[in-house]
Amino acid sequence: MPKALALETLKQFRIIYGAARQHFNEIEATCGISGSQVWLLSEIASNPDLGVTQLAENLSIHQTTCSLLLKKLVLKDFVVKTKLTEDHRKVVLVVTASGRALLDKAPKPVDGILPEVLATMKMTDLNNLKTSLEKVTSKLDSKTSDLANHPLADL
């Protein structure tokens, strides 16, 4: 009986991962860039004067990962980095017209379907889910814990 329950639970993980992958594939097919890049672009567009450190925190990803994704957006002219006139050390990110046009055609939600679903859950259910998933992840190889700092679209 426990094996059957474990297999049914595995199917739930497949559905979650598969739905997320399908959504990110649709974003990439429509936009020509990764779902992670579209998410960054959306976050920058929604938050004027955003810097790289805050962007990484907003997306709950490592700053190095954020910088690499951002570099790709800058090279494609979807984002420009500008320095504030009052403090030349601070760099802010601005979405270009071509970046805004890309966001307009991007399938929604641009941050992925999983964050949207999680945001709609009751706090008690979300806490229970988090506790259960912590039990699962604690049994995985310790090398996998770094994966938590990468966008789901890039896994």
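Is Asp 77 buried, partly exposed or exposed? I looked it up: Asp 77 comes out as partly exposed, because its relative accessibility is 43%. My cut-offs put buried under 20% relative accessible area, exposed over 50% and partly exposed in between, with a 1.4 Å probe and protein chains only.

**Ground rules**

I note that this is a predicted model, so I keep local features to pLDDT of at least 70 and side-chain atom pairs to pLDDT 80 or more, while totals for chains, interfaces and linings use all residues. My numbering runs from 1 along each chain as its sequence is written, and side-chain values use heavy atoms, with hydrogens and water left out.

**Whole chain**

I went through the elements and found seven helices and two strands in the protein chain. From the N terminus, I read them as α-α-α-α-β-β-α-α-α. These are DSSP runs numbered from the N terminus: helices are H or I with at least four residues, strands are E with at least two.

I boxed the C-alpha atoms along the principal axes and got roughly 65 × 30 × 30 Å. Of the 155 residues in the chain, 30% are buried. The accessible surface comes to about 10200 Å², and 59% of that belongs to carbon and sulfur atoms. Areas are from the Shrake-Rupley method with a 1.4 Å probe; for residues, only the protein chains shown count as cover.

For contacts I use heavy atoms within 4.5 Å. Among contacts with a separation of 6 or more, 59% are between residues 24 or more positions apart.

**Largest pocket**

I put the space in the largest pocket at about 1500 Å³. It has 37 lining residues, and those closest to its centre are Leu 114, Leu 133, Thr 137, Leu 152 and Leu 155. On a 1 Å grid over the protein atoms alone, a cavity is a set of points where a 1.4 Å probe fits but cannot get out, whereas a pocket is an open set with protein on both sides within 12 Å along at least five of seven lines; lining residues have an atom within 4 Å of a point. Points are joined across faces, edges and corners, and the volume is the space filled by probe spheres set on them.

I then asked where the lining comes from. Helices α1 (2-31), α2 (35-46), α6 (113-120) and α7 (123-137) each give at least two residues. The largest share is from α7, with seven residues. By type, I get 23 nonpolar, 10 polar and four charged. Here Ala, Val, Leu, Ile, Met, Phe, Trp, Tyr, Cys and Pro are nonpolar, Asp, Glu, Lys and Arg are charged, and the others, Gly among them, are polar.

**Around β2**

I started with Val 95, which sits in strand β2 and is buried because its relative accessibility is 7%. Leaving out residues up to four places away in sequence, Val 95 touches Leu 41, Ile 44, Ala 45, Phe 78, Val 79 and Arg 100.

Next I checked Thr 96, in the loop between β2 (91-95) and α5 (97-105). Thr 96 is buried too, at 13% relative accessibility. Beyond four places in sequence, Thr 96 contacts Asp 77, Phe 78, Val 79 and Val 80. The side chains of Thr 96 and Ser 98 make a polar contact of 3.1 Å. By that I mean N or O atoms within 3.5 Å; within protein, one must be able to donate a hydrogen and the other to accept it, and residues adjacent in sequence count only if both atoms are side-chain atoms.

I find Asp 49 in the loop between α2 and α3 (52-59), exposed at 52%.

I also logged a cis peptide bond between Lys 108 and Pro 109, omega about -5 degrees. Pro 109 is in the loop between α5 and α6.

**Two helix residues**

I looked at Ser 42 in α2, which is buried at 17% relative accessibility.

Ile 113, in α6, is partly exposed at 28%. Beyond four places in sequence, I see Ile 113 touching Ala 19, Ala 20 and His 23.
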